[in-house]
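User: I would like to go through this structure with you. Could we begin with how the helices pack and then turn to the sheet?
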Amino acid sequence: MVAFRPGSGVLGTLRHAVRLIAAAAAVRLYLGNFLENDSVFQAQSMLSNSPWQSMFYLGWFILSLILVSRRLHLYSPIQLRNTLHDQRLTIQACFTAGLLLCGALYIARGQMVSRGVVVLTVIFTAILLSARRLAWRATVYRRYERGMETRNILVVGTGRVGQALRHHIESIRHLGFTFKGFVHVPGYDSDGLTESTDVLGTIDEVLELARKHFVDEIFLAAPCERVLVKRLVHQAREAGVDIRVVPDLYDGLAWNSPIEYVGQFPTIPLHRGQVPVLGMVLKRMLDIAASSVALVFLSPLLLAIAIAVRTDTRGPIFYLSERIGKKGRVFRCIKFRTMVPDAERRRAEVLHMNERDSVLFKITNDPRITRMGSFLRKYSLDELPQLVNVLRGDMSMVGPRPPIASEVKRYELGHLRRLDVVPGITGLWQVQARQDPSFDSYISLDTAYIENWSLWLDIKILVRTVGVVITGTGT
């Protein structure tokens with residue numbers, strides 16, 4: 001038995017053509033009777049004094065609708081889509097075909113075809129096809145309820161998955177399937193056999209059972225060996241029987257999950273975190289706007305600081321440090337130089353003076369800091385060039401501070417959580433516990449920011465940062 005698929009093949013094409021021609025004729029009659037003097041409809045319609053031209057455009061619309069409908073899989077069995085999804089795809093197909101018709105009119109310079117007629121034809125066609133699909137769906141469902149034109153199925157596997165599949169099919173009749181029985185797979189069906197009357201035979205007899213019970217489709221609901229599945233698919237193909245696999249992954253976690261294709265590979269998502277896409281877009285817009293405005297208005301101050309750094313001590317104006325950003329990405333962080341040029345080489349000399357615990361390294365009266373550098377650090381002015389990093393997307397206005405590679409190497413697994421987001425110029429730790437030497441406090445505040453992030457939280461941190469900078473709590 002082969003399931004009837006409405007709207008497929010030549011018959012479906014002719015039905016579409018008849019419906020569309022009828023809709024176009026109805027539109028023309030309506031326009032002729034009521035809109036003869038309307039300026040929108042003064043041009044001729046698709047059923048005007050040039051019948052061949054009209055038939056060409058109408059034929060193109062019909063062909064476009066058929067091709068788009070086939071592309072959207074509207075000719076596949078209706079039970080594979082719910083009603084709302086089916087209606088949405090139908091309307092999408094009609095309006096896409098309408099756009100293709102408009103493109104043809106533009107290329108062929110069809111000025112004599114009324115725009116109003118085109119619009120109404122598309123709208124009326126969408127309404128008629130939607131109504132037709134609703135009526136046809138109701139008709140098919142009634143036939144399925146009476147057991148007409150359903151597809152007979154065998155379920156390979158008498159375990160938990162097979163039982164659940166059988167219950168699902170029998171409880172939802174409009175799926176169009178009739179359960180014929182189970183096929184036992186020795187060695188795999190150990191989690192509960194059904195009654196003997198439900199088990200028709202073993203996997204070795206599956207094709208004979210399919211012919212005997214006029215089976216249209218076989219559902220594999222047991223983890224059979226790869227060689228066995230390949231042989232079964234080959235035999236089913238020769239016998240003209242369809243075959244499906246019901247995935248039983250990770251104790252049923254894949255049930256009710258959609259199939260998603262990664263290139264050519266079908267995948268079943270078991271979990272997907274909720275990413276606040278809109279919030280991330282707004283955060284990036286805020287970063288671009290704030291950094292751009294700040295760079296423009298602070299440009300005189302930036303120039304003055306650059307001159308002061310250059311005249312204070314010899315060496316470069318900017319300090320470029322490789323930092324670890326989101327997901328471990330390495331970028332060059334820009335700061336005004338606040339230390340002597342050979343500060344990195346002299347780091348080992350001052351390690352014993354470290355005032356922070358664990359991974360962090362901070363010295364209040366670091367001998368390597370220049371006189372101008374001390375002032376810049378006190379008011380966090382050395383961080384201003386990082387506005388360029390924000391504009392480039394390496395950093396954000398608000399976020400965890402970007403660590404250096406040597407710090408990340410000493411991170412424990414839980415500490416890497418702070419690298420899940422884009423680092424920032426300022427953050428929760430900077431406005432709440434900047435003088436706290438505890439590394440655990442540093443990590444906990446960054447983690448709290450990540451887990452409770454919102455655009456409003458970013459704005460509050462930015463406002464509080466202004467107060468921190470003015471009071472000069474930096475070191």
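**Helix packing and the sheet**

Analyst: This is a predicted model. In it, helix α8 (residues 277–297) packs against helix α9 (residues 299–312) at an angle of about 60°, and their axes are 4 Å apart.

User: Which residues of α8 and α9 meet there?

Analyst: From α8, the residues are Ala294, Leu295, Val296 and Phe297; from α9, they are Ser299, Pro300 and Leu302.

User: And how many of the contact residues are nonpolar, polar or charged?

Analyst: The contact of α8 with α9 comprises 6 nonpolar residues and 1 polar residue, with no charged ones.

User: Turning to the sheet, what is the strand order?

Analyst: The order is β3-β2-β1-β4-β5, an open sheet of 5 strands with parallel pairing.

User: Which strands stand at the edges?

Analyst: Those are β3 (199–202) and β5; each has a single partner strand, so one side of each lacks a neighbour in the sheet. On average, neighbouring strands of this sheet are turned by 30° against each other, direction ignored.

User: What does β4 pair with?

Analyst: Strand β4 pairs in the parallel sense with strand β1 (residues 151–156) over 4 bridges. Another 4 bridges join β4 to strand β5 (residues 242–245), and these two strands also run parallel.

User: How does the chain cross from β4 to β5?

Analyst: The chain passes through helix α7 (residues 226–239), and this β-α-β crossover is right-handed.

User: Which way do the β4 side chains point, and are they buried or exposed?

Analyst: In β4 (residues 217–220), Glu217 and Phe219 point one way, while Ile218 and Leu220 point the other way. All of these residues are buried, Glu217 included.

User: Which strands does helix α5 lie across?

Analyst: Helix α5 (residues 160–171) lies across β1, β2 (177–184) and β4. The helix runs at about 165° to β2.

User: A change of topic: where is Ser130?

Analyst: Ser130 is located in helix α4 (residues 115–145).

User: Why does Ser130 count as buried?

Analyst: Its relative accessibility is 9%, and the cut-off for buried is under 20%.

User: And what does Ser130 touch?

Analyst: Leaving aside residues up to four places away in sequence, Ser130 touches Gln87, Thr90 and Ile91.

Conventions
Residues numbered from 1 in each chain as written. Predicted model: local features only at pLDDT ≥ 70, side-chain atom pairs only at ≥ 80, totals over all residues. Heavy atoms only, no water. Buried < 20%, exposed > 50% of the residue type's maximum accessible area, 1.4 Å probe, protein only. Pairing = 2+ DSSP bridges. Right-handed = clockwise from strand over helix to strand, strands pointing away. Axes fitted to C-alpha atoms, helices over the stretch in contact; angles between N-to-C directions. Contact = heavy atoms within 4.5 Å. Nonpolar A, V, L, I, M, F, W, Y, C, P; charged D, E, K, R; others polar.
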